[in-house]
Amino acid sequence: MKKLKIFYPKNSISFDKTTIILLVLLALLFVLHFLKKIYPEDLDDLYVLLIVFTFFYFIFHLINDFFRQELVNGTFSGYLIIENDKIICDKKTYLINDIDKINIYDESYQGQFNGKLRSLEAKRSNGLDNIIKISQNNTIDTYNFLQTKTENIKIFKNELRSYVEKGLLEKEDFEELMK
């Protein structure tokens, strides 16, 4: 059976362990800098050692970010299953005859370079910036789903083509999804 994992994102801030360690090192360096003004001779060696260690850890962090994926901030629950006569999202089933319109946004797949160039962010996508919106009876239900290189929206090509024929999915959107 063809299916993709449904993801429910949390609206909270989360940090990677390496970023937390870097922030703690920078805070220690800041505190030690002010303590050094009070005890100038006693903390010179420790201060220099912490500067060197923090510098090398910062370089490690920058390099590590190119290989690290974005954090998964939320939970996986259920599957997105697209069939010719229905769409199943987690525990909810949508019959094709009851659906007014379908919009699918496939922004990323797991491991894809995400274009973020800020120094303290992961440079690889977690593959969760993908959304399916189902309009039914003047309500819109939105679901995020996981895409990888092998498990992506293209596995539903035939089903989505039938939705284009029924007028539920725009032809341009379908062509964009199949690129």
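Where is the place of isoleucine 102?

What we have here is a predicted model, in which local features need pLDDT of at least 70, side-chain atom pairs count only at pLDDT 80 or more, and totals for chains, interfaces and linings use all residues. Residues are numbered from 1 along each chain as its sequence is written, and side-chain values use heavy atoms, with hydrogens and water left out.

Back to the opening question. Isoleucine 102 sits in strand E5. When I say strand or helix, I mean DSSP runs numbered from the N terminus, with at least four residues for helices (H or I) and at least two for strands (E). Isoleucine 102 is buried, with a relative accessible area of 1%. Buried here means under 20% relative accessible area, exposed means over 50%, and partly exposed is in between, using a 1.4 Å probe and protein chains only. Not counting residues up to four places away in sequence, isoleucine 102 touches Ile87, Ile132, Lys133, Tyr163, Leu168 and Leu169. Touching, or contact, means heavy atoms within 4.5 Å. Leucine 169 is 67 residues from isoleucine 102 along the chain, yet their C-alpha atoms are separated by 5.4 Å.

Now let's step back to the whole chain. The protein chain has four helices and seven strands. Starting at the N terminus, their order is β-α-α-β-β-β-β-β-β-α-α. Along its principal axes, the C-alpha trace spans about 80 × 30 × 25 Å. The radius of gyration of the protein chain is 24 Å, while a compact globule of 179 residues would have one near 16 Å. That radius is taken over C-alpha atoms, and the globule rule is 2.2 Å times the number of residues to the power 0.38.

How much of the chain is buried? Buried residues make up 36% of the 179 residues. As for contacts between residues at least 6 apart in sequence, 65% of them join residues at least 24 apart.

Let's zoom in on asparagine 130, which belongs to strand E6, residues 130-136. Is asparagine 130 buried or exposed? Asparagine 130 counts as buried because its relative accessible area is 0%. Leaving out residues up to four places away in sequence, its contacts include Tyr105, Ser108, Tyr143, Phe145 and Gln147. With serine 108 there is a further detail: a polar atom of the asparagine 130 side chain lies 3.0 Å from the backbone oxygen of serine 108.

Serine 108 itself is in the loop between strand E5 (101-106) and E6. Serine 108 also counts as buried, at 6% relative accessibility. Apart from neighbours within four places in sequence, serine 108 is in contact with Ser125, Gly127, Leu128, Asp129, Asn130 and Gln147.

Next, please look at helix H1, residues 17-38, where you will find leucine 22. Leucine 22 is buried, at 1% relative accessibility. Beyond residues up to four places away in sequence, leucine 22 touches Tyr57, Phe58, His61 and Leu120. Leucine 22 and leucine 120 are 98 residues apart in sequence, and 9.5 Å apart in space, C-alpha to C-alpha.

Phenylalanine 15 is in contact with Ile20 and Leu71, leaving aside neighbours within four places in sequence. For a sense of distance, phenylalanine 15 and aspartate 45 are 30 residues apart along the chain, with their C-alpha atoms separated by 31 Å.

On to two loop residues. Which loop holds asparagine 138? Asparagine 138 is in the loop between E6 and strand E7 (139-145). Asparagine 138 is not a glycine, but has a positive phi of about 60°. Why does asparagine 138 count as exposed? Asparagine 138 counts as exposed because its relative accessibility is 80%. Aspartate 90, in the loop between strand E3 (86-89) and strand E4 (92-95), is not a glycine either and has a positive phi of about 60°.

My last stop is asparagine 158, in helix H3, residues 157-165. Asparagine 158 is exposed, with a relative accessible area of 52%. Isoleucine 82 is 76 residues from asparagine 158 in sequence, and 9.9 Å from it in space, C-alpha to C-alpha.

Terms used
A polar contact is a pair of N or O atoms within 3.5 Å; within protein, one must be able to donate a hydrogen and the other to accept it, and residues adjacent in sequence count only if both atoms are side-chain atoms.
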